[in-house]
Amino acid sequence: MREDSEKSSPIHTAAAGPSGVLPITGEMLRNAPSGELFGMSQNTGMGWDPNLLNQRQYLILGTMGGIRREDGTPLALGYHTGHWEIGLMMEEIAAEITEKQGIPFAGYVSDPCDGRSQGTTGMFDSLPYRNDAAIVMRRLIRSLPTRKGVLGVATCDKGLPAMMLALAGMHDLPGIIVPGGVSLPPIHGEDAGKIQSIGARYSNGDLSLEEAADLGCRACATPGGGCQFLGTAATAQVIAEALGMSVPHSALAPSGQPVWKNMGRQSARALLHMDHSGIVMRDILTDQAIANAMAVHAAFGGSTNLLLHLPAIAHAAGLHIPTVEDWNEVNRKVPRLVSVLPNGPIPHTTVRVFLAGGVPEVMLHLRRLGLIDDSVLTVTGRTLGENLDWWETSQRRIDMRNRLREADGVDPDSVIMSPQEAKRQGMASTMTFPTGNLAPEGAVIKSAAIDPTVLTSEGIYRHVGRVKVFTAEKDAIRSIKDGLIHAGDILAIIGRGPSGTGMEETYQLTSALKHLPFGKQVTLITDARFSGVSTGACIGHIGPEALVGGPLGRLRDNDWVEVIVDTIKLEGSVNLVGEGEQPQSQEEGARILAYRTPHPFLAVDPGLPDDTRLWAALQAVSGGTWQGCVYDTDRIIAALEAGQKALGWK
């Protein structure tokens, strides 16, 4: 082994230590916990001025990943752009706290990239990561007993929901979410959602190798922030602000730019105000705040993944967990107002939504319609109504909307529309929850994402076709690339729910179907979930999942399946309607399902980690998908005690 020449560098065995003395009193020595006193020694050891150690302490938690050099170039890559510039935001926050005579602490729990793990076994850890990260974050918060408040800086699909769960569970502590912002699109090229279909488009002859290589290189046009479309990452930022957990007009800010950094400093000042005013998370997170977030989700046309995350946030906060009926009611009442990637009708990027006014602009419309409760308290220390009153007449609103006109030549009212204009544009409501003999516990489809050319004049999607059944996503995407999927097919991807794969995302399938010419004439049904950018006639979250006895697991190739989605009434069904030469009826389908055994290849994925198997078992006991895939401690303990008793272990 080669040795580096360090003989000329002496190794020291002791040091003088920091200068100064700890600002302690006899009372502190008699009564303070030893950990608090030792913490002071640690703080001076790290270089903090001992004369300032009695200032109030605040924790900044971030999902930062990678190692940036001072010039911004990578020394070590992060998993994704969403956490690449988080450290810059944390620096701004720390500087603001220090200037306001506080002591900032910082901790990190990095996060994975759902885009990077699409189509791989890495996806098996995606959703389970959320629960685990939230636990670690809460442990870090509690492990700094002297903290007076927490700022959580996060951006993307699982890191931001985990951060919201962590803060929601700290009922008696001030807390603020600081969204990590969005990336900019390339001037010429494709967004980060469409670019994920280059493999399927190349395989089907719709893209050359040179085009794929060129477009793929430029999709992430700036180094920080979440993707440029309203997927799960952007929707989670929107929901954090709609809940009142973030300062106004903070969601979807362009990462790295001055307006984004200033938002971090504003958040730090707001946290100090919460601390001094005695405002804590239980004052912010209420049933009314959850209802507001659901309304904003519907108005934005947000990701279906928030059906997993918002109930989990409510659970962490000790609130009513939204039911399918609650979601249904909200989506029937609330019009979709935001024209944004991936659903349009005009494919505006998320930074345009920010400049058009973002969350507060949408909430102004909802307030005029009487669809939100503006009496709720927010992290500014003011009510939502007071925040909206400020926004409506603010210079910031004028400047942002003018900037959108100047930079892109876009009318902000074409991005965030009035209810009247949205209706004129034919913008369908966001979500529908089909049931049927294949989905007795329900399912979800982003009905706003169905291509309008395959709807009837009454806004109804109806597809009766033969099903092609896959028990592995990789086999389905291979069939698409090999040209074995055609217009009129129904794809069933079964056994990919929590028990089979950790409820993987199937975006490589939905992306391929969106960007292939025949894709809008194919329906996808699955017990897995979709990326927030998924579009098309894609029905997921089918319950019960196949591996716990759900009828979806009894499908066979060439069965007849009928899918109906009414995008106006927000009603739908997914039914087996026969197995012979011609489709028959729902009743015949139910009879067939009743006597059939599960699909012969239905099984837990052999690559499923034990960690995820444990997560799947715990969340199943806690209520499963429709309860948000949470850990309900009381239910888990009750199940364990009952099991121990039944097995004679206790």
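**Close-up 1. Surroundings of Ile93 in the predicted model.** Leaving aside residues up to four places away in sequence, Ile93 touches Ile60, Leu151, Val153, Val178, Gly264 and Ala268 in this predicted model. A second, separate core, made up of 26 residues, includes Leu438, Val561, Val565 and Leu602.

**Close-up 2. The largest nonpolar core.** The largest nonpolar core comprises 114 residues, and those with the most contacts inside it are Ile93, Met164, Leu243, Leu252, Phe300, Leu310 and Leu366. Helix H12, which spans residues 287–300, gives the most to this core, contributing 9 residues.

**Close-up 3. The crossing of helices H16 and H17.** The axes of helix H16 (residues 358–368) and helix H17 (residues 384–393) come within 10 Å of each other and cross at roughly 115 degrees. Because angles of 65 to 115 degrees count as roughly perpendicular, H16 is described as roughly perpendicular to H17. The crossing in which H16 passes H17 is left-handed. On the H16 side, Pro360, Glu361, Met363, Leu364, Arg367 and Arg368 take part, and they meet Leu384, Gly385, Leu388, Asp389, Trp391 and Glu392 of H17. Sorted by class, the contact of H16 with H17 has 6 nonpolar, 1 polar and 5 charged residues.

Close-up 4. Arg401 lies in helix H18, which runs over residues 395–408. With a relative accessible area of 9%, Arg401 is buried, since the cut-off for that class is under 20% relative accessible area. When residues up to four places away in sequence are not counted, Arg401 touches Leu355, Ala356, Glu361, Pro412 and Asp413.

Key
Residues are numbered from 1 along each chain as its sequence is written. This is a predicted model: local features need pLDDT of at least 70, side-chain atom pairs count only at pLDDT 80 or more; totals for chains, interfaces and linings use all residues. Side-chain values use heavy atoms; hydrogens and water are left out. A nonpolar core is a set of buried Ala, Val, Leu, Ile, Met, Phe, Trp, Tyr and Cys residues joined through side-chain atoms within 4.5 Å. Buried means under 20% relative accessible area, exposed over 50%, partly exposed in between (1.4 Å probe, protein chains only). Helices (H or I, at least four residues) and strands (E, at least two) are DSSP runs, numbered from the N terminus. Contact means heavy atoms within 4.5 Å. Axes are lines fitted to C-alpha atoms, for helices over the stretch in contact, and angles run from 0 to 180 degrees between N-to-C directions. Angles under 35 degrees count as roughly parallel, over 145 as roughly antiparallel, 65 to 115 as roughly perpendicular and the rest as oblique. A crossing is left-handed if the near helix is turned anticlockwise from the far one by less than a right angle, and right-handed if clockwise. Ala, Val, Leu, Ile, Met, Phe, Trp, Tyr, Cys and Pro count as nonpolar, Asp, Glu, Lys and Arg as charged, and the others, Gly among them, as polar.
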